[in-house]
Amino acid sequence: MADVQIEDGIIKVVQLDIQDPKAAAVLAEYPQVRWPEITRRALKIGLGYLKGGGKD
């Protein structure tokens, strides 16, 4: 399980493992140096879709 913290509006994720071969294949199409940026953007987009759902 990953350690997720929020400090001053910054989400910090340590030891996050995502078991998704399709997502891994998409990420592998890009240079490894871009993986952190792409993962950060994907997380932001995904959380944007969940906005307001925590109240349900």
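Which residue just after α2 takes a positive phi? In this predicted model, where local features need pLDDT of at least 70, side-chain atom pairs count only at pLDDT 80 or more, and totals for chains, interfaces and linings use all residues, that residue is Gly52, with a phi of about 85 degrees. Residues are numbered from 1 along each chain as its sequence is written, and side-chain values use heavy atoms, with hydrogens and water left out. The protein comes to two helices and two strands, where helices (H or I, at least four residues) and strands (E, at least two) are DSSP runs numbered from the N terminus.

**Overall form**

- From the N terminus on, the elements of the protein follow the order β-β-α-α.
- The radius of gyration of the protein is 13 Å, whereas a compact globule of 56 residues would have one near 10 Å; the radius is taken over C-alpha atoms, and the globule rule is 2.2 Å times the number of residues to the power 0.38.
- Along its principal axes, the C-alpha trace of the protein spans about 35 × 25 × 20 Å.
- Buried residues make up 0% of the 56 residues, with buried meaning under 20% relative accessible area, exposed over 50%, and partly exposed in between (1.4 Å probe, protein chains only).
- The protein exposes about 5500 Å², of which carbon and sulfur atoms supply 58%; accessible areas come from the Shrake-Rupley method with a 1.4 Å probe, and for residues only the protein chains shown count as cover.

**Strands and loops**

- Asp3 has its place in strand β1 and counts as partly exposed, because its relative accessibility is 40%; the C-alpha atoms of Asp3 and Val13, ten residues apart along the chain, are separated by 5.7 Å.
- Asp8, in the loop between β1 (3-7) and β2, has a positive phi of about 55 degrees although it is not a glycine, and with a relative accessible area of 80% Asp8 is exposed.
- Gln15, in the loop between β2 and α1, likewise is not a glycine but has a positive phi, of about 60 degrees, and its relative accessible area of 63% makes Gln15 exposed.
- Gln32 lies in the loop between α1 and α2 and counts as exposed at 58% relative accessibility; its C-alpha atom is separated by 24 Å from that of Met1, 31 residues away along the chain.

**Helix α2**

- Helix α2 (residues 35-50) has 16 residues, which at 1.5 Å a residue should span 22 Å, and this agrees with the 23 Å between its end C-alpha atoms; the expected span is 1.5 Å times one less than the number of residues.

**The largest pocket**

- The largest pocket has a volume of about 630 Å³, a volume being the space filled by probe spheres set on grid points that are joined across faces, edges and corners.
- Of the 20 residues that line the largest pocket, the closest to its centre are Ile18, Thr39, Arg40, Ala42 and Leu43.
- On a 1 Å grid over the protein atoms alone, a pocket is an open set of points where a 1.4 Å probe fits, with protein on both sides within 12 Å along at least five of seven lines, and lining residues have an atom within 4 Å of a point.
- The elements β2 (10-14), α1 (21-28) and α2 each supply at least two residues of this lining, and α2 gives the most, with nine residues.
- The lining divides into 15 nonpolar, two polar and three charged residues, where Ala, Val, Leu, Ile, Met, Phe, Trp, Tyr, Cys and Pro count as nonpolar, Asp, Glu, Lys and Arg as charged, and the others, Gly among them, as polar.
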